[in-house]
Amino acid sequence: MYRVVMIRHGQSEWNEKNLFTGWTDVDLTEKGIEEAKDAGRILRESDYTFDISYASVLQRSIKTLHYALDELGLLWIPEHKSWKLNERHYGALQGLSKPETAEKYGEEQVHLWRRSLSVRPPLLEADDKRLPSHDERYADVPADQLPAGESLQDTIERVGEFWEDEVSPLVQSGHHILISAHGNTIRALIKFMEDLEEHELLDLNIPTGIPLVYELSEDLKPLRRFYLGHPTHVEEKKRQAADPNHDPD
């Protein structure tokens with residue numbers, strides 16, 4: 001049996017303000033830092049250890065990984081960053097208030113943008129400075145791979161490629177992997193690994209700062225997934241994640 005652990009980054013500044021975040025590189029709040037440290041402590045107290053780690057190229061993911069690894073005493077292990085672990089790109093919605101956007105466009109339209117599998121948000125215009133092509137961290141990524149906005153299906157496809165190309169070979173060679181990522185990235189990975197029905201995926205909410213453990217068969221088929229931590233704490237975090245105003249960013 002193999003095992004992989006994922007953590008959704010701790011609360012970010014735009015999570016706290018309830019703004020669409022996507023690829024905007026916002027920092028953790030003080031609460032987010034504590035959530036990341038708690039995740040590392042929970043893993044340490046549960047006797048988990050790792051020899052390879054992954055994060056996206058966004059600081060809320062990277063810092064969450066560092067705080068967790070620090071609690072584990074594992075800051076020294078190899079760390080890899082991939083843009084394919086970035087949050088879903090919310091296009092022109094990035095930076096907008098979720099409640100105000102619902103007032104402007106209607107709750108049904110915003111629900112489609114946020115929770116449907118195939119509907120993309122309004123895309124960034126070609127001259128928008130927020131396009132990833134203007135950011136040096138994506139300088140080596142082919143231009144046709146950089147989105148101006150993504151559906152959840154788009155996110156599933158890039159995360160699936162990351163899993164098959166990067167993670168699967170390492171898992172099967174016996175490495176213990178910790179992934180610090182984002183709400184929609186982790187949902188996309190779960191969809192890819194488990195082939196969930198669309199309604200199952202859309203009802204899936206990922207709490208911040210709670211380690212999610214996957215146990216896998218020899219051919220990397222999921223055997224089970226579960227959260228680590230005190231049951232009461234985990235249920236409260238899951239309840240918060242299911243709040244329609246505070247689900248994946």
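Biologist: Is F162 buried or exposed?
Modeller: F162 is buried, with a relative accessible area of 2%. The terms are set by cut-offs: buried is under 20% relative accessible area, exposed is over 50%, and partly exposed lies in between, for a 1.4 Å probe and protein chains only.

Biologist: What should I know about the model and its numbering before we go on?
Modeller: The model is predicted, and local features need pLDDT of at least 70, side-chain atom pairs count only at pLDDT 80 or more, while totals for chains, interfaces and linings use all residues. Residues are numbered from 1 along each chain as its sequence is written, and side-chain values use heavy atoms, with hydrogens and water left out.

Biologist: How many aromatic pairs are there?
Modeller: Rings of Phe, Tyr and Trp (its six-membered ring) pair if their centres lie within 6.5 Å; planes under 30 degrees apart count as stacked, over 60 as edge-to-face and the rest as tilted. This rule gives five aromatic pairs. One of them is the edge-to-face pair of Y54 and F162, with 5.3 Å from centre to centre and 85° between the planes.

Biologist: Where in the chain do Y54 and F162 lie?
Modeller: Y54 is in strand β2 (residues 52-55) and F162 is in helix α6 (residues 152-172), so the pair links distant parts of the chain, 108 residues apart. Here helices (H or I, at least four residues) and strands (E, at least two) are DSSP runs, numbered from the N terminus. Y54 is also buried, at a relative accessible area of 2%.

Biologist: Which residues form an aromatic cluster?
Modeller: W23, W83 and Y138 form one aromatic cluster.

Biologist: Which residue lies over the face of F20?
Modeller: K98 does, at 5.8 Å from the centre of the F20 ring. A charge sits over a ring if NZ of Lys or CZ of Arg is within 6 Å of the ring centre and within 35 degrees of the ring normal.

Biologist: Let us turn to helix packing. At what angle do α6 and helix α7 cross?
Modeller: The axes of α6 and helix α7 (residues 183-194) cross at roughly 70° and come within 8 Å. Axes are lines fitted to C-alpha atoms, for helices over the stretch in contact, and angles run from 0 to 180 degrees between N-to-C directions. The two helices, α6 and α7, are therefore roughly perpendicular to each other. Angles under 35 degrees count as roughly parallel, over 145 as roughly antiparallel, 65 to 115 as roughly perpendicular and the rest as oblique.

Biologist: By class, which residues make up the contact of α6 with α7?
Modeller: The contact of α6 with α7 has eight nonpolar, four polar and three charged residues. The classes are Ala, Val, Leu, Ile, Met, Phe, Trp, Tyr, Cys and Pro as nonpolar, Asp, Glu, Lys and Arg as charged, and the others, Gly among them, as polar. Contact means heavy atoms within 4.5 Å.

Biologist: What about α4 and α5?
Modeller: The axes of helix α4 (residues 98-105) and helix α5 (residues 107-115) come within 6 Å and cross at roughly 125°. That angle makes α4 oblique to α5. From α4, K98, T101, A102 and Y105 meet E107, Q109, V110, W113 and R114 of α5. These residues comprise four nonpolar, two polar and three charged.

Biologist: Now the backbone. Which residue has a positive phi of about 65°?
Modeller: L220 has that value, although it is not a glycine. L220 lies in the loop between β5 (212-216) and β6 (222-227), and it counts as buried at 11% relative accessibility. N18 also has a positive phi, near 60°, and N18 is found in the loop between α1 (13-17) and α2 (30-45). Most residues other than glycine have a negative phi.

Biologist: What does S168 contact?
Modeller: Leaving aside neighbours within four places in sequence, S168 is in contact with W163 and L220. S168 lies in helix α6 and is buried, at 10% relative accessibility.

Biologist: Last one: is L178 buried or exposed?
Modeller: L178 is buried, with a relative accessible area of 0%, and it lies in strand β4 (residues 177-181). Not counting residues up to four places away in sequence, L178 touches several residues, among them V5, F50, Y54 and L72.
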